[in-house]
Amino acid sequence: MLRLLYFLFHLALFLTPACSKTTAKPPKEMLHTSLLSEQWHSRDATKLTNELSNYFSLAETNFPLAENSTGHAFALVVPHAAYYYSGLCAATGYQALLQPTAPRFGFGDRKNSWIKRVIILAPCHTMFYQGAALPVCNVYRTPLGDIPVDIEAVKKLSKAPPFNLNGEVHLQEHGVEMQLPMLQHTVAKFSIVPLVLGHLTQQQVFNIAHALQQIIDDQTLIVVSSDFTHYGHTYDFQPFMKNIQLNIRQLDSFALQALSIPSLDAFHDILSTTKATICGQEPLRILLALLSGQAHDNIHAELACYYTSAQIMAARNNVSDDIKLEGLFNVASDKQSEQSVSYASMVYHKTQHADPEAISLNAYEKKILLTSARTAIEKHLQDQDVEERLQHPIITPSLEVTPGVFVSLKTPDDRLRGCIGNVTTDQPL
């Protein structure tokens, strides 16, 4: 009842017309204060800043983007789990927003200055809901400060179905709130349009995309908040019981391929065929609908990072704040994978028309290729029979080109022991 009264009160304030002749003073700011606990991220500004700085340092040192990743970012796909699990993965995507070189005056001057509005597309985790929920507040508060809501954009969207003002849906939606400190750490000054998406028909997906297109300009960033496969009895999803991590990786690879093409039809077919438990599938469908328009035919997708909760827990040794990065590429055992959630970061760059066969691998892609080659050798020497389809790494756009390739083995003192490969091939990398 209190929530309902709170919502009705703020809704009345929000809808008060600007041209009203009332002599009452303007309403005070309608503030959304995070209800997330310390388990999600630190509530102390200094600690949170240090936490974020550590993730971004790891991301830029170990997961730099491809050298040809030029131009502004149009959209990001980033996870929304607690930072302990997904913070590093999210930072690998958000690093695309930073200025490329560090000035003498510190990290803050590297913040993005061209982004002025961020549209956040998040799924609804807390209740059954249909449609697209707009906020009734005009300010979001995090430990790092206040972020204004773009009220004019919200008013414009509220006139188009299936958008509606619904403060209750926003009250405890971590899908929105987990993105805010990341944005504050990378963007200098911006407002937000936070959208919480419930179940949508195909027509509603296109209607929402069309309405959003009316407020998107060259200073707008789209942030899609989504984790990927949720595996285990907790999520009522156990389509396989052996080689769990390898099967999860293949399942996520199908989805990430569809997002990279990009193809709404392919993404829909994968969800229908595999029943993949991707919590942000509705926000992802909106993004794909936006990208299907000719206005965005110069968008190039890049996968910045991918790992699962089982892998990050092993890399942290379950309790440590330190991350042993090699653990992120090791295949967790079936025992460790009984409950597993996948995280991925994707950057959609605005690019010039480039050679589709040109290849420029980012650090993550280089690492998974080396890991894949090494794992294939290990499995053969250990006589472990693993299906070839499960040995493939996550498939990214750069891994679908057809260059010649060699795998070389060297001794510990860096002498060549042997190599195998082809100068030319018609097979994808």
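Which residues make a nonpolar surface patch of about 460 Å²?

1. The model is predicted. The nonpolar patch on its surface, about 460 Å² in area, is made by Ile 377, Leu 381, Val 407, Leu 409 and Ile 420.

2. Leu 409, one of the patch residues, sits in strand β13. Leu 409 has a relative accessible area of 38%. Buried means under 20% and exposed over 50%, so a residue in between is called partly exposed. Leu 409 is therefore partly exposed.

3. Strand β8 (residues 191–197) is mostly covered, with 7 of its 7 residues buried. Ser 191, Val 193, Leu 195 and Leu 197 point one way from β8, while Ile 192, Pro 194 and Val 196 point the other way. Both sets are buried.

4. Which strands are joined to β8 by bridges? Strand β3 (residues 117–123) runs parallel to β8 and is joined to it by 7 bridges. In that pairing, Arg 117 has Ser 191 of β8 as its bridge partner. Strand β4 (residues 132–134) runs antiparallel to β8, with 2 bridges between them. Here Ala 133 stands opposite Val 196 of β8.

5. Helix α4 covers residues 151–158, and Ala 153, Val 154 and Leu 157 in it are buried. Seen down the axis of α4, the buried residues fall within an arc of 100°, so they line one face of the helix. An α-helix has 3.6 residues a turn, so residues three or four places apart point the same way.

How values were computed:
Residues numbered from 1 in each chain as written. Predicted model: local features only at pLDDT ≥ 70, side-chain atom pairs only at ≥ 80, totals over all residues. Heavy atoms only, no water. Patch = residues over 30% accessible without salt bridge, like charges linked within 9 Å, V, L, I, M, F, W, Y side chains within 5 Å. Areas by Shrake-Rupley, 256 points an atom, 1.4 Å probe, with all protein chains shown as cover. Salt bridge = Lys/Arg side-chain N within 4 Å of Asp/Glu carboxyl O. Helix = DSSP H or I, 4+ residues; strand = E, 2+ residues; numbered from the N terminus. Buried < 20%, exposed > 50% of the residue type's maximum accessible area, 1.4 Å probe, protein only. Arc of directions from axis to C-beta. Pairing = 2+ DSSP bridges.
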